[in-house]
Structure formats: structure tokens, C-alpha cells
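The structure to be read alongside the text follows.

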Amino acid sequence: MNDNQARRLVVLGTGGTIAGRATQANDNVGYVAGQVAVSELVAMVPILADCPVDVEQVAQINSKDMVLSVWQALAQRVAAHLDRPEVAGIVITHGTDTIEETAFVLQTLLMPSKPVVLTCAMRPATALVPDGPQNLSDAVAVALHPQASGVVVVCAGRIHGALDVAKVHPYRTDPFGSGDAGDLGCVEEARLRMFRPWPQAVSRGTHDAARLRSLMRVTALPRVELMFSHAGADGEMVRALLSHSPAGAQRLRGIVVAGTGNGTVHDDLLIALKQAQARGVDVVVASRCAQGRVVPHPGQPLPDSAGLSPVKARLALALQLLES
Ligand code: SIN
């Protein structure tokens, strides 16, 4: 639970459209992400003028280019700030494209007892009507809420849990959904209205230090590939992966397949995936449907992702293999 006395905020910048710059104010797609310093974004938000805040630029990237080294730097800074008693919560500015992956990694690894709030924008900072300042303002309201905890994503007045959030639209300023689970809550004029409990947190301390150490000691995540089953799919890609898998740290450890419907997989692809399993590769099936989950049933040929989307199932498997 958050310490009611703590009032200090930390804002960590990683880039994204919220820090994007376009040459024309009416251009909401032809901009360059990750250009404006996070200190400038903070200066645009009136709510932050009255709040003691530490601001750090951890990265300045388009989140499509997310790499392990940025996650490591981010997780380390988040953990260090969580341990400061005067810090109430952390806000992270991030691109929308992989925010659901960063949120998932931070929640799975750290399970923080204070709020870690990722926020973003669909329009660059230079837009005629940018959405970033309001999203950042809402994220601050969430991070300062005395009951808040865990990793969440705040965008368009909605609070999404790290395990459920997914980008579901490439253009709208409200691009995220939480599927069947639903939003955690909403922010209305800096006040929170909650619909569901906050994400699970560690029972002792501010975060899970042991899991963080397991991330910090590697130079690459265990290699887990992601593929789709579709009409006309075959096993060629799996066989190519198996025959080109190098020895050592980069060897193929897992495959997540986004199956059709209830996690079904084309027969030809399934044969190759079984061969991969026989060679010690972990295979998990998720559903390529935008909503719902694979409903487990007796005799299913592959283990399912326990409700995780394909991209999150890939990360879950990689993080699990990290510890094995
Ligand atoms: C990014 O993900 O960094 C670019 C796209 C966005 O933030 O909307």
C-alpha cells in the first residue's frame, strides 16, 4: 500500500509520441517520436507545478524499437525510486506501440507496492491539440492516489491493468482496451473512480528484488519466437528456426503461436511445433482473437497462455525461462 505521507513523484521519460515532434502542427502521423525532453513535458502540466518531482530521461526512443537494455535501465531506476520513502509513485512516459509489453515486464518482475503509472499520447507534443499533457496530468493523479499500487497504463482518462491492457486501435486518442477484464478505473477531473482492485503487489518491501536481479544479469532474454497460425500455414518457419538455432545464449528456447479461435493450429504447423517440443523448445498457444482467451479443454495439443495475449505470452515465457 502507498504511504500516505509520501508526496514526492518521479517522472521517467522513455520517448514515444508523447515526446514526438512534427514539422506541421496539423500532422498527427508524420512526426518523429522521442524528440522532446521529459522535463519539457513535465513543464506543460499545471498539476506538477505544486508537487515535488524528480525527472529523469531514461531513454528517448520510438517504443517499436524497445530493447532489453532499456527495460533493464528502466526497471533499475523504478526499483531505486520505489525504495525512497518520500516517493509516493512513479510516472513513466512511453510510446503507445509497446507500452503493454513494458507494463507487463515491470508488473511481472517488480510487482510494486507503490503505483508505477505508464502514460503516453497518440498525437505528438507539437500537435494542434496534443493529448499528452492531459494523459500526463491524469497519470500524476493516479500516482498520487493514496490507495494506488502496481503497474498501470493511463490514457484517455482510463486506467488499465498491466496484465490486460492492449493497444486496439492505431489512430484514435483512446487506443487501449482491457478486454473482458475491463478497465481498472477512470480519472475524472483528477479524481479516481475505481471499478476493480489494483494489480497484485509484493507482500513485503516495495518490489520483488530477486526477480529484478534475474533480469539484470543477462545480456539477452531467452529467445522466444512468436508466430501466427492462419489459412495456408505450414511448418516451414518452425523447421527453419530449428535448423538455424545457434548454440549458447541465443538458442531457440520457446515458440508462442497465436492460434485461430480457441487456440487451434493448422495441422502442418502443429506437426512442426511438436517436433520443436521434442527438441526441448517450450511451445505455448494463445488466441489470435482480439478478445477473450483460450478456453482450456482435455486433449488440447499444446499448453495455452492462461489468458495472456500472444505478445504477453511471449514475454511471460521468456521471463519464466530466465529463472530456469
Ligand atoms: C511509439 O510507440 O514510440 C510511437 C507511437 C506512439 O507513441 O503512439
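## Packing of helices 6 and 7

In this predicted model, helix 6, formed by residues 236–244, packs against helix 7, formed by residues 267–278. The crossing in which helix 6 passes helix 7 is left-handed.

## Packing of helices 2 and 5

A second pair consists of helix 2 (residues 68–82) and helix 5 (residues 209–216), whose axes come within 10 Å and cross at roughly 150°. Because angles over 145 degrees count as roughly antiparallel, helix 2 is roughly antiparallel to helix 5. Helix 2 likewise passes helix 5 in a left-handed crossing.

## Ligand surroundings

Which residues are around the ligand? They are Gly 16, Thr 17, Tyr 31, Asn 62, Ser 63, Gly 95, Thr 96, Asp 97 and Ala 121. Sorted by class, this shell holds 6 polar, 2 nonpolar and 1 charged residues.

A polar side-chain atom of Thr 96 is 2.4 Å from a ligand oxygen, and a side-chain N or O atom of Thr 17 lies 2.9 Å from an oxygen atom of the ligand. For Ala 121, a backbone N or O atom is 3.4 Å from a ligand oxygen. The ligand taken alone exposes 250 Å², of which the protein buries 95%.

How values were computed. Residues numbered from 1 in each chain as written. Predicted model: local features only at pLDDT ≥ 70, side-chain atom pairs only at ≥ 80, totals over all residues. Heavy atoms only, no water. Near = heavy atom within 4 Å. Polar contact = N/O pair within 3.5 Å; in protein donor to acceptor, adjacent residues only side chain to side chain. Areas by Shrake-Rupley, 256 points an atom, 1.4 Å probe, with all protein chains shown as cover. Nonpolar A, V, L, I, M, F, W, Y, C, P; charged D, E, K, R; others polar. Axes fitted to C-alpha atoms, helices over the stretch in contact; angles between N-to-C directions. Helix = DSSP H or I, 4+ residues; strand = E, 2+ residues; numbered from the N terminus. Parallel < 35°, antiparallel > 145°, perpendicular 65-115°, else oblique. Left-handed = near helix turned anticlockwise from the far one by under 90°.
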